[in-house]
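Subject: Structure handover

Hello,

Here is the structure I promised to pass on.

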Amino acid sequence: MKKTLVGTLVIVLLSVSTMLFASGNQDDDGGRIKLSFATSIYVEAPHKAVIDKLISTYNAKNPNVEIEVYGAGWSSFWDNMTTEILSNNEADIIQMYTSNIAQYHALRPEGTFLNLNDKIVGTPYEKDLVGQDECKYDGDYVAFSNYAWGTTGLFYRKSILEKAGVDPASIKSVEDFRNASLKLTNDNVSGFGVLVSSHSFVVSEWARFIARVISGGLYFPGEKGPFTADRINVTDPANIWAAQWWQNMILQDKSARVLKDKKDVRELFWNGKIAFNLDGPWFIGMTESRDPALLEDVGLIPQPSVEYEGKTYRPNPSQYPLITVISKNCEHQKEAWDFLKWMASKEAQEIIAECGMIPNSKSYVTESNYKATHKLAYQFYDFIANYYDPLISDPSIPQIGELQQIMIEATQRIFSSADADATAILEGAKKEMQVVMER
């Protein structure tokens, strides 16, 4: 996804000397329309294979269009995109998550992304595509939900749990999970893998697993407006309790392996060194890409409920639809939209299913043989229908990047030391957030 050129794909082979990164260039001798496509997931093998296949299939149907893909790792991608937008050098087409829309659209006073109302309002897309209702800014559609989505559950290694005598079906609450992790932990295996680093997952996994389940909102109540300084919710007693619970699991129980990057958690899970991994349907594609035989030893259960102050709370993890925007600077907006529209077709959604995530088209997933051929991924539909409360995501507001950074720094401090005072640290984070919201 970013112009750091980590992984560059050119579907129609041209001389390197003629390759241009400027948006909407045309080749002098071939008359081909060039579109640049930025995505953070291109560095992941399952997504790279799918995106390559999407573009080659589309190019066979539209030989006059050349789509060049570039991207970078998770952290670098978002920083690079900010720089590119501010310098008017962003890609024609950018793939992101719904929570990113406001932050990057607002980088320009006139808005960064193309208004898509005339292409979406009143069409079947509004009801058929998961997350399309979250693709608005100030009431206007500025993004198209045409790739895939997921939420999270607990993947486990069957052989590890069986050897330790842990029945995954018995894990109903976070305390059940905590006890199981303790039982599974020994000199060679850790029950769970967590991040304590500058990676955004230091916040999001804690929030998805326990904090937002009982508080309803990390940044604001229900992560809904009005988005004002007086409504910052991080010091809600439930969030403080959840921070202390997570802190104790990591630093007292020592049943969680502390790592810096999610790729390290996944690698140790594959190598049989971690029993549980909190992840989404994309992890299925990653595992299959790593070693198809591994999937036979991988099971999946829903996130457990949380008991707090005498009440049981069902999980409400975030929903992650990957959506696409078109830059207002794109010189070939019609051709860019034609490609995005094709990605929502049955033909393209069938290709997208190969990445492991769930295609965004509800009609494709429910009307095709998707359920029979993607049994593990389809379990997430069951989780949402029968085990989870309505999913909650970070609010899509221009300030979200700053708020997230404040939380990253706060949670790093809390989860790095058993002596860290979660209450004091979150109080400090609240004050910083209020300054951001009062600007």
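This is a predicted model: local features need pLDDT of at least 70, side-chain atom pairs count only at pLDDT 80 or more; totals for chains, interfaces and linings use all residues.

Start with helix α17, residues 400-416, and helix α18, residues 422-438. Their axes lie 10 Å apart. The packing angle is about 165°. Angles over 145 degrees count as roughly antiparallel, so α17 and α18 are roughly antiparallel to each other. Their crossing is right-handed.

Which residues meet? On the α17 side, the contact includes Glu 402, Leu 403, Ile 406 and Met 407. Ala 410, Arg 413 and Ile 414 of α17 take part as well. From α18 come Ala 422, Ile 425, Leu 426, Ala 429, Glu 432, Met 433, Val 436 and Met 437. By type, the residues of this contact are 12 nonpolar and 3 charged, with no polar ones.

**The salt bridges**

Side chains of opposite charge can pair when their charged atoms come close. The whole structure holds 15 salt bridges. Here are some of them.

Glu 402, in helix α17, pairs with Arg 439, in the segment after α18. The closest N and O atoms of this salt bridge are 2.4 Å apart. Arg 439 has a relative accessible area of 67%, so Arg 439 is exposed. Glu 402, at 37%, counts as partly exposed.

Asp 297 and Arg 157 form another salt bridge, at 2.8 Å from N to O. Asp 297 sits in the loop between α11 (282-290) and β12 (298-301). Arg 157 belongs to strand β8, residues 153-157. This pair spans 140 residues of the chain. Asp 297 has 16% relative accessibility, so Asp 297 counts as buried. Arg 157 is buried too, with 9%.

Glu 347 and Lys 61 are also joined by a salt bridge, with the closest N and O atoms 3.5 Å apart. Glu 347 is in helix α13, residues 346-352, and Lys 61 is in helix α1, residues 45-61. The two residues are 286 residues apart. Glu 347 is partly exposed at 36% relative accessibility. Lys 61 is partly exposed as well, with a relative accessible area of 47%.

Last, a network: salt bridges link Arg 212, Glu 223 and Asp 394.

Best wishes

Note on methods:
Residues are numbered from 1 along each chain as its sequence is written. Side-chain values use heavy atoms; hydrogens and water are left out. Axes are lines fitted to C-alpha atoms, for helices over the stretch in contact, and angles run from 0 to 180 degrees between N-to-C directions. Helices (H or I, at least four residues) and strands (E, at least two) are DSSP runs, numbered from the N terminus. Angles under 35 degrees count as roughly parallel, over 145 as roughly antiparallel, 65 to 115 as roughly perpendicular and the rest as oblique. A crossing is left-handed if the near helix is turned anticlockwise from the far one by less than a right angle, and right-handed if clockwise. Contact means heavy atoms within 4.5 Å. Ala, Val, Leu, Ile, Met, Phe, Trp, Tyr, Cys and Pro count as nonpolar, Asp, Glu, Lys and Arg as charged, and the others, Gly among them, as polar. A salt bridge is a side-chain nitrogen of Lys or Arg within 4 Å of a carboxyl oxygen of Asp or Glu. Buried means under 20% relative accessible area, exposed over 50%, partly exposed in between (1.4 Å probe, protein chains only).
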